[in-house]
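Please read this briefing alongside the sequence and the coordinates. Topics are grouped so that each can be checked in turn.

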Amino acid sequence: MSQSETTPVLSVRNAEKRFGAVQALRNVSLDAHRGEVLALLGDNGAGKSTLVKCIIGVHALDEGEIVLDGVSTTIHSPAAARRAGIETVYQDLALFDNLTPAQNFYCGRELAFPQWLPRGLRFLRKGAMDREAAAIIDRLKVKLPRFDAPVALMSGGQRQAIAVARATVFARKIVILDEPTAALGLRESRKVLDLIKQLRAEGNAVILITHNMEHVVELADRAVVLRQGRKVGELKPDRANRQELVSLIVGAEV
Amino acid sequence: MVEQQEIASSPREGAQGVGGSAIAVALKLLSAGPLLILAILIALVSLTTPVFLKPGNISNILAQTSVIAIVALGQHLVILTRGIDLSVGANLALATVIGGLLYKVTDSSFVVIAAMLATGIVVGFVNGAVYVFGRLPHPFIITLATLSICRGIAYSISENHTTMRGMPDAVVAIGGGDILGIPNPFIVVVICAALVLVMAKFMVWGRWIYAVGGAPQAAVEMGIPVKWVLVSTYVLAGLSCGIGAVVLAGRTEATSPLFGNLLELDTIAAVIIGGASFLGGRGHIGHALIGAVMIGVIRNALNLNNVDAFFQMVAIGLVIVVAVEADVLRNYLESRARTLQAGKG
């Protein structure tokens, strides 16, 4: 237990990334711990998305390193990131509109047999996937109109819930959520926030990108602020320092 | 008290239920549309043209439609991933010519058939590999190029640049024979369709095809080997051309660089008319088959009524326009249905 408290599950150390003339990340370091929500804040273009893409293997860092559970790791693709226990809920949700919720849950890691065949040639265990997906949806108290309809036919909140639930199930270390409530109404946002709390309670490190300061104050155990590719602050958000956070984000004096 | 509760909860639930099921029924109808149209078409043709339902004519249609149906199955896999294969006709022609040349030096059916299948697979692999690993924006370009290349090679290597006579016995049997009155080409179609059905519906690969067609970016993010999935669809489309080549060469007892002319058009039309979506990720194997039969029936009906071949091209073209519009309309209605349901939730 003390081990997991002292060693961050994810450390980014001295990350540098440039795209041509644009320096997207300058010497950014941060730690994420199990059972903690880390808010990643910053204005548009501050480098939040670039940082996340470097963590999940979409981009490679020019300098610096990514350390998982104390081991320096190079992740080459989102698939490798998933295998390493990092789940991402993308802003566009990465859902398959033509597939059902259960099919979406298991897409890319289908339950299938026999094991000795190459992955693509195995036969789907549809019953098992349907049952387990239904159990998960039930456990997370997500309400879906129909379980056998393509997700294209579901509302924004339901789709968001499916994407977050999918990450919840498969996450083993870290869940990264990119503006999970941006497109949602109040009631639907509430649902997603509850899911995030559940993720934290289950011992995941949650990295939350959001512009909603209410949610940051309510949920985040720590907040890291980026501006123009630099880390300009790190603090524990509460009602009192909310204004300070905002000025860090926009770069103005308090 | 219990009754009251039920009444209290019923209006909302009921409205949602009825609305939801009405939408579901509408969507079901939309997806069953092509089969309904085929049924109506067959009914109309049988009423106006009595010869149509004669067993001889039916087996004629089955034999003629079989090549389109087999290749349409391959084309369907490609279209499911938002792709297109324009080279199928030329690929089929090249496969028959290579088989025909080998028949000059050997009587072995096995060698001839294997060569035809291998040709199809190789061309398909080239299509897929250049598209995916050459980072082309769309498969249109590469399959257009291989259309030209294959047709060109087929003409230049065939004897006197034209049709060659003769095929080994087994090939002739596959293309022209029958079992208990059922034409062998039809049996080949059924076997191919069954295999594709099993792969598409019950194997992980099939799920990946739909995933890649439905949301290519998400498929990458979810760790699906998208590149190999794409290549595999072009390889299978190529294989379907090889099988089509065996059937066609067998039926005609000939091989020719002229074979498969505009087969790309017929197969794409079959897939779209059958009700698969050009936008990828939607449609099942039945769609390709329904579409192929529909084209076969339309051609046959026009033939029986002595409509000339040129007008038949016009008719098929018009059917394609209608089918593509139906696809657009279906997608529009589906997004409307989604908005409706979201509004209720």
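This is a predicted model: local features need pLDDT of at least 70, side-chain atom pairs count only at pLDDT 80 or more; totals for chains, interfaces and linings use all residues.

Residues are numbered from 1 along each chain as its sequence is written, and chains are lettered from A and ligands numbered from 1 in the order in which they are written.

**Confidence**
- The model scores ipTM 0.81 and pTM 0.85.

**Chain A as a whole**
- Chain A contains nine helices and 12 strands, where helices (H or I, at least four residues) and strands (E, at least two) are DSSP runs numbered from the N terminus.
- The radius of gyration of chain A, taken over C-alpha atoms, is 19 Å, close to the 18 Å that the globule rule (2.2 Å times the number of residues to the power 0.38) gives for 254 residues, so chain A is as compact as a globular protein of that length.
- Along the principal axes, the C-alpha atoms of chain A fill a box of roughly 55 × 40 × 40 Å.
- Of contacts in chain A between residues at least 6 apart in sequence, 66% join residues at least 24 apart.

**An open sheet in chain A**
- Four strands of chain A form an open sheet with antiparallel pairing, in the order E2-E1-E4-E5; two strands pair if DSSP finds at least two bridges between them.
- Strand E2 (22–32) and strand E5 (71–73) of chain A are the edge strands, each pairing on one side only.
- Strand E1 (residues 10–19) of chain A is joined to E2(A) by seven bridges, the two running antiparallel, and A:Ser11 stands opposite A:Asp31 in E2(A).

**Contact between the chains**
- In this interface, 25 residues of chain B are in contact with 27 residues of chain A.
- Helix H8 (204–214), helix H9 (216–221) and helix H13 (309–344) of chain B each supply at least two residues of the side that touches chain A, and H8(B) gives the most, with seven residues.

Technical notes: Two residues are in contact if their C-beta atoms, placed from the backbone, lie within 7 Å.
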